[in-house]
Amino acid sequence: MMTFTFFATSYLGIAGPGLDLKSSFVDSLQSFGLSTEMARLLWLPLPMLLVLTAAMVGVLVTVWLERKISAAAQQRIGPEFAGALGVLQPMADGLKLLVKEDVIPARADGLLFSLGPVLVLVPVILSWLIVPFGQTLLISNVGVGIFLWISLSSIQPIGLLMSGYASNNKYSLLGGLRAAAQSISYEIPLALSVLAVVMMSNSLSTVEIVNLQNDAGLLSWNVWRQPVGFVIFWICVLAECERLPFDLPEAEEELVAGYQTEYAGMKFALFYLGSYINLVLSALLVSVLYLGGWGFPIPVEWLASWLSQPIDAPLIQLVTGSVGIVMTVLKAYLLVFLAILLRWTTPRVRIDQLLDLGWKFLLPISLVNLLVTAALKLLFPLAFGG
Amino acid sequence: MKSGLSMFSLPGYDAFLGFLLIAAAVPILALVTNKLISPRSREGERELTYESGMEPIGGAWIQFNIRYYMFALVFVIFDVETVFLYPWAVAFNRLGLLAFIEALIFIAILVVALAYAWRKGALEWS
């Protein structure tokens, strides 16, 4: 136990609040004789590559889950030959798309055609900058925090519109226009429901938002104080990710595959990757904004007193740090599971129903939700973040 | 490098720039790899635009009625509104009742605009 505690304090650097991998990395490099500046510079790309890898693995797992759960919902077996239970199937799919021929239609605009999928994928990856897995376990705790995600997600419709237009195909054009209309219609209720959470946290920082939810475990999660906001946010997220029941841009019975119709090989794979990264990202953000992020359902203080350890003991810090990552991912994957089940239980809405739901229902409700939150914050400052 | 990093007056945004480069490298690497290892042939009607198996009739770059442009206009108004509300929400605990009433008036004006657009049929798809 002593040696383990020593290892934990010296190599993982958990003297501060939560796991602080950065200072321990910098410290250990400094002990090899590097300057502080140099060590910091070497540190900079590491969390990014780690998060990128995590996102890619997350996509592979989600694709496999989607295929397996879809199969179970339809009483099929699903992928089963590539690896145990077919876990390698997404890898095989990706490899197949990587070696497939890239076809650009003769009448399409080549540059915009190639730029479209890139413009869809890059902002989605970039949004992972602000996803926290622990007190210091995020790439950068930038000041604008959650607002960065909202602004980055507005870039995506440009890419969709661009690829729809550049294909010079009627299905693609209609799909691209639908995608853009859907995206902008659900962005405002989305931003307004995030706004209510921001108001309760007095901060845009995702770390602050989670910290304010972890006073009393399960009971202090935002979902209890923002039930309406939670539902609005979840509906909007499904619409932004173009998941059923809101998958009109690629409704295959009407539009073949929407803006993706002309895409093949790697460019199609970029759309595919983008939509799944977006789904995992959105699920993570739901858990950060409403479900207490890395927090336990039971307060950490109780756990510490039950184990008769002080709360800042290295062992407790190490355990909470690593279980925190598991908690974040677990909550996110419960939501992914819910999204996949929704896909097989809800019929697709029509475009006019979709726009009505966004503009005539969610927008007024989210405005009311914001004002009610503000009024409650004035009346009960303690319960709503002071 | 010190001078390069101190160019950013706001903390944490050097990571944004770094991650932007890494995020942009993903699709570029994927597309370049695809270009290098995938087969290439231009024979037959491979590059013909897909139109349910028919010869495509005309192009898609034509003038037609985009029914969504009214939504886009209303969207711009409400998007700007939301951006204005963000600083209000962050500082709300220090502003108190007066800021609440001010925001109430601000939102009320926009709700009137929404009601007007609704009555005028700007939010109807057909």
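## The nonpolar core

A nonpolar core is a set of buried Ala, Val, Leu, Ile, Met, Phe, Trp, Tyr and Cys residues joined through C-beta atoms within 7 Å, where a residue counts as buried if 20 or more other C-beta atoms lie within 10 Å of its own, as exposed if 12 or fewer do, and as partly exposed in between, with C-beta atoms placed from the backbone. This is a predicted model, in which local features need pLDDT of at least 70 and side-chain atom pairs count only at pLDDT 80 or more, while totals for chains, interfaces and linings use all residues. Residues are numbered from 1 along each chain as its sequence is written, and chains are lettered from A and ligands numbered from 1 in the order in which they are written.

The largest nonpolar core holds 126 residues, and Ile125(A), Leu195(A) and Val280(A) have the most contacts inside it. Helix H9 of chain A, residues 170-201, gives the most to this core, with 20 residues (helices are DSSP runs of H or I, at least four residues, numbered from the N terminus). Leaving aside neighbours within four places in sequence, Leu195(A) is in contact with Leu370(A) and, in chain B, with Thr82(B), Leu85(B), Tyr86(B) and Ala89(B); contact here requires C-beta atoms, placed from the backbone, within 7 Å of each other.

## Where the chains meet

In chain A, 62 residues are in contact with 57 residues of chain B. The largest share of the side of chain A that touches chain B comes from H9(A), with 12 residues. By class, that side has 40 nonpolar, 12 polar and 10 charged residues, counting Ala, Val, Leu, Ile, Met, Phe, Trp, Tyr, Cys and Pro as nonpolar, Asp, Glu, Lys and Arg as charged, and the others, Gly among them, as polar.

## A pair of helices

Helix H12 (residues 227-240) and helix H14 (residues 265-289), both of chain A, have axes that come within 11 Å and cross at roughly 170°, the axes being lines fitted to C-alpha atoms over the stretch in contact, with angles from 0 to 180 degrees between N-to-C directions. H12(A) is therefore roughly antiparallel to H14(A), a term used for angles over 145 degrees. Phe233(A), Trp234(A) and Val237(A) of H12(A) make the contact with Ser282(A), Val286(A) and Leu289(A) of H14(A), and these comprise five nonpolar, one polar and no charged residues.

## One glutamate

Glu208(A) lies in helix H10 (residues 206-211) of chain A, and this residue is partly exposed because 18 other C-beta atoms lie within 10 Å. Not counting residues up to four places away in sequence, Glu208(A) touches Ser201(A) and Ser203(A).

Technical notes. Helix = DSSP H or I, 4+ residues; strand = E, 2+ residues; numbered from the N terminus. Contact = placed C-beta atoms within 7 Å. Parallel < 35°, antiparallel > 145°, perpendicular 65-115°, else oblique.
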